[in-house]
Amino acid sequence: MYYWDYLGLDEVLGSQQLASASGGRRPAHDELLFIITHQAFELWFKQILWELDAAIETLGLDPVPEPSMGQVVRHLERIVSIQPLLVQQFQVLATMTPLDFLDFRDELIPASGFQSLQFRLIENRLGLDPGGRLKIKGARYTSRLSAEHAARLEASESEPTLLGVLDAWLARTPFLRFGSFDFWAEYRRAVEVMIERDRGLIASNPSLDEVVRQQQLDAFEVTSATFATLFERERWDELRAAGKRRLSHGSFLAALLISLYRDEPALHLPFRLLTALIDLDEGFTAFRNAHAQLVHRSIGGRIGTGGTSGHEYLEAAARKHRVFTDLFDLATYHLPRRELPVLPPQVRSQMAFRYQSEPDAGPAVG
Ligand code: HEM
């Protein structure tokens, strides 16, 4: 095996054709950086898809073999560690000033990162709702891709997604049923106590004037109505049908339980999974924001070569094209540890690992 051949460097390093140099013209100096940066992104996108596919395949198993859960988390954590590199690559590209870019920008029309097949596949694999995407002058996101790429993307819309397999896995977790212990009735009671106490604090706060007090009480009612959706499945399903929730009701409750009792040993790994998904979503938002900033400084308020409004479209996409917002919203429903329902001993022992030896049983594992 020879290093150069193993890495296919003839193909990789021979794939930077500067459009500005065609016809024997003097090349625009910064075009090489522009091409290499995009290629580096696409290589990392390939790696991200590789990790995503593996994570989806394993988490999609029913049941997921216990030893494989750690692997799923590691696939996702690897993506999370790639994401800052992507943001940093935009900083490198920002050394190309707007004037430098104008030396070759017109050569690119109508090509655009908007046509990045791999980026769109990542979005679809994550579980971005095709119906919730921003439309460009009424057109679908596939409309600017080649017929072959558009067909691949449309097919990917009905393939398993990370959100979908997460939803199914959460719905199957044993963390919702505890024999005779009705966790959700206990939790609801604890929430009601908290809501009453917080409402009382606003009502009796001497430093608030009546206008501000009423504003705070109104805002508070919105929060307590949000809590109510947790206990009303039909209301939850309505929100889900409207695209305001993505996880099913039972899955969201399972995720909430995992995040509330994440100190219990059996929940350590599930909690790491949820955290990795939040990090992943945040990482793509950071990518989108960094890209939008770069676009603003590079082309100002001009429209993109792909025909969108440019940075304004990209900022809107950063806000809208998120997948795991439900997991971010879990924090709405957190109670301080001291107010959480105490799990009965038999439930806690089901969730325990024992690393220390027990007096009579000798060393215990698992
Ligand atoms: C000076 C550098 C860049 C400029 C001016 C720029 C400009 C734009 C613009 C204006 C759009 C919106 C679509 C359009 O109207 O064309 C876009 C989309 C996109 N660009 Fe860039 N871009 C740059 C660098 C990059 C790089 C390095 C990547 C890495 C692959 C990239 C990936 C994308 C992706 C994935 C989209 C689609 C985003 C979405 O629809 O949410 N861009 N770009």
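Modeller: What follows goes from the chain as a whole to the core and then to one of its helices.

This is a predicted model, in which local features need pLDDT of at least 70, side-chain atom pairs count only at pLDDT 80 or more, and totals for chains, interfaces and linings use all residues. Residues are numbered from 1 along each chain as its sequence is written, and side-chain values use heavy atoms, with hydrogens and water left out.

The chain has 16 helices and zero strands; these are DSSP runs, H or I of at least four residues for helices and E of at least two for strands, numbered from the N terminus. Of its 366 residues, 42% are buried, meaning under 20% relative accessible area with a 1.4 Å probe, protein chains only.

The largest nonpolar core holds 94 residues, and Leu162, Leu166, Tyr187 and Leu273 touch the most other members. Such a core is a set of buried Ala, Val, Leu, Ile, Met, Phe, Trp, Tyr and Cys residues joined through side-chain atoms within 4.5 Å. Helix H13 (residues 268-299) gives the largest share of this core, twelve residues.

Take Leu166: apart from neighbours within four places in sequence, Leu166 is in contact with Leu59, Leu247, Leu273, Leu274, Leu277, Phe324 and Leu327. Contact means heavy atoms within 4.5 Å.

Helix H13 also contains His291. The NE2 atom of His291 is the only protein donor of the iron atom of the ligand, at 2.1 Å. Donors are N, O and S atoms within 2.8 Å of the metal (3.2 Å for Na, K and Ca); water is not among the atoms, so sites may look incomplete.

Conventions:
Buried means under 20% relative accessible area, exposed over 50%, partly exposed in between (1.4 Å probe, protein chains only).
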